[in-house]
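Hello,

Here is the structure I promised to pass on. Please open it first, then read my notes below.

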Amino acid sequence: MAETVKLIYGNKEYELPVVEGSEGEKAIDISQLRATTGLITLDPGYANTGSCTSSITFMDGEKGILRYRGIPVEELAEKATFKETVYLLINGKLPHREELTRFSVLLNDNSLVHEDMRAFYENFPRSSHPMGILSSMVNALRSFYPELQNLDEEINMTVTRLLSKIRTLAAMSYKISRGHKVVYPRPDLAYCANFLNMMFDSPVRPYALDNDVVNALRVFWILHADHEQNCSTSAVRLVGSARVNLYAAISAGIAALWGPLHGGANQAVIEMLNDIAQNKNMGQAIERAKDRKDPFRLMGFGHRVYKTYDPRARIMKKMCDSLLDKLDLTDPLLDIAKELEMVALKDDYFIEHNLYPNVDFYSGIVLRAIGIPTNMFTVLFAIGRLPGWIAQWKESLDDPNWKLGRPRQIYTGPTQSKFIPIDDR
Ligand code: SDX
């Protein structure tokens with residue numbers, strides 16, 4: 001017998017079905033609520049509202065669990081390539097060798113962007129933020145490539161084209177913003193190494209690929225690859241629900257990720273740590289973060305779902321130590337970050353609010369060690385998150401219950417009134 005909940009409203013009693021997921025999560029199905037009771041629900045920020053059922057990523061915010069298609073992210077970070085993780089998220093299974101080889105060939109064959117796209121870059125102001133450029137350029141891809149057909153093969157072609165070209169688009173914005181020669185993708189380099197080479201190779205100083213740096217980028221992108229219905233993924237699903245092309249839906253996801261409360265936090269963390277380093281004001285930062293009247297937040301701390309340590313932050317923190325050690329580098333901001341974490345996790349305010357480091361708290365230190373400029377940190381997040389956005393978008397296309405996203409509201413404005421001619425106002 002399916003479980004139900006009772007709703008008593010007025011002098012009527014309603015029974016609403018309960019939906020249960022494969023990990024025991026439960027939800028009240030309110031899809032018929034307004035039709036049967038005339039009521040809607042109200043949930044600003046959707047903290048208590050599920051938008052869909054999904055079989056892609058499972059998170060347990062209380063236990064700090066994150067799994068992609070059932071595989072723990074810790075295991076993927078240790079054993080998988082980023083390409084395998086991309087394939088797993090989008091196709092629902094790890095690829096066997098021939099599938100991976102075919103995927104690699106397609107990624108390589110689609111890694112160039114149309115030469116006419118350079119004109120767009122050259123006309124952005126040099127000070128443009130790389131996230132604004134990336135969102136625009138991904139949207140512009142639609143103009144250079146045919147509308148998405150309904151053929152399954154065409155979707156896979158469009159998906160692979162975007163997965164490959166996003167690296168090239170990102171590296172081009174870095175090179176052109178500096179007036180440097182654009183470096184083309186190379187057929188002999190795998191996904192992560194190709195991106196690093198496009199970013200840092202130069203005609204006067206060939207880029208020496210370091211396996212530890214390539215590995216750090218692999219882990220960084222695996223950790224960022226998906227995170228169920230976060231803000232930017234929800235943007236991709238909502239925009240995609242209008243049946244717009246993939247590029248436009250992903251462009252919306254990039255725009256949402258840019259926000260400092262979301263993916264933009266990785267850049268904001270470094271800016272916060274730099275400010276603490278220069279002004280020696282860690283105590284003041286902690287006190288400001290605790291002051292409800294002060295809009296300042298401890299960037300890289302807190303999470304809508306994780307009420308314990310973000311499992312990705314744990315891996316990222318270890319990666320900071322191992323990468324800096326292997327590269328024989330030190331970063332004063334890492335010491336500040338560790339001290340800030342120690343102080344905050346002992347503070348009653350952070351304990352009572354279940355505020356712990358999230359993925360963005362240490363990720364910037366890793367990106368600094370790789371040589372990524374701070375204003376491109378969220379671009380790196382976007383490249384990592386692209387497979388998750390695509391997987392979620394594809395799942396919504398295939399979902400028989402999926403429809404145009406259109407939330408309701410409770411109106412609190414003026415009741416009916418008359419137009420007053422200007423001479424009588
Ligand atoms: C990402 O959703 C995802 O999965 C996102 C992400 C992904 O992979 O897609 O994990 C990536 O976006 C990580 C989060 C990056 N953002 C930051 O690090 C910015 C700083 N964090 C906060 O702004 C905040 O924690 C949010 C926005 C991330 C989550 O906040 P919520 O769930 O909306 O909770 P809230 O803002 O209502 O805060 C609840 C309480 C408030 O205090 P009270 O009013 O109840 O007294 O906690 C406090 C907040 O003031 N609080 C913080 C805080 N975060 C929450 N106080 C100080 N510093 C913080 N960082």
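Predicted model: local features only at pLDDT ≥ 70, side-chain atom pairs only at ≥ 80, totals over all residues.

Residues are numbered from 1 along each chain as its sequence is written, and side-chain values use heavy atoms, with hydrogens and water left out.

Some terms. The search uses a 1 Å grid over the protein atoms alone. A cavity is a set of points where a 1.4 Å probe fits but cannot get out. A pocket is an open set with protein on both sides within 12 Å along at least five of seven lines. Lining residues have an atom within 4 Å of a point. Points are joined across faces, edges and corners, and a volume is the space filled by probe spheres set on them.

The second largest cavity holds about 30 Å³ of space. Helix α3 (82–91) and helix α4 (97–109) each supply at least two of its lining residues. Helices here are DSSP runs (H or I, at least four residues), numbered from the N terminus. The largest share, 3 residues, comes from α3. By class, this lining has 6 nonpolar, no polar and 1 charged residues. Ala, Val, Leu, Ile, Met, Phe, Trp, Tyr, Cys and Pro count as nonpolar; Asp, Glu, Lys and Arg count as charged; the others, Gly among them, count as polar.

The whole structure has 2 cavities of 30 Å³ or more.

Of its 12 lining residues, the closest to the centre are Tyr87, Phe103, Leu106, Asn156 and Thr160. Two or more lining residues come from each of α3, α4 and α7 (152–177). Helix α7 gives the largest share, 5 residues.

**The ligand**

A polar side-chain atom of arginine 385 lies 2.8 Å from a ligand oxygen atom.

Serine 232 sits in helix α10 (residues 231–240). Is serine 232 buried or exposed? Serine 232 is buried, because its relative accessible area is 0% (buried is under 20%, exposed over 50%, partly exposed in between, with a 1.4 Å probe and protein chains only). Its side chain makes polar contacts with the side chains of asparagine 230 (2.8 Å) and tryptophan 389 (3.2 Å). A polar contact is a pair of N or O atoms within 3.5 Å; within protein, one must be able to donate a hydrogen and the other to accept it, and residues adjacent in sequence count only if both atoms are side-chain atoms. Leaving aside neighbours within four places in sequence, serine 232 is in contact with residues including Gly253, His262 and Arg385 (heavy atoms within 4.5 Å).

Isoleucine 286 is in helix α13 (residues 282–290). Isoleucine 286 counts as buried, because its relative accessibility is 3%. Its C-alpha atom is 9.6 Å from that of phenylalanine 350, 64 residues apart along the chain.

Best wishes
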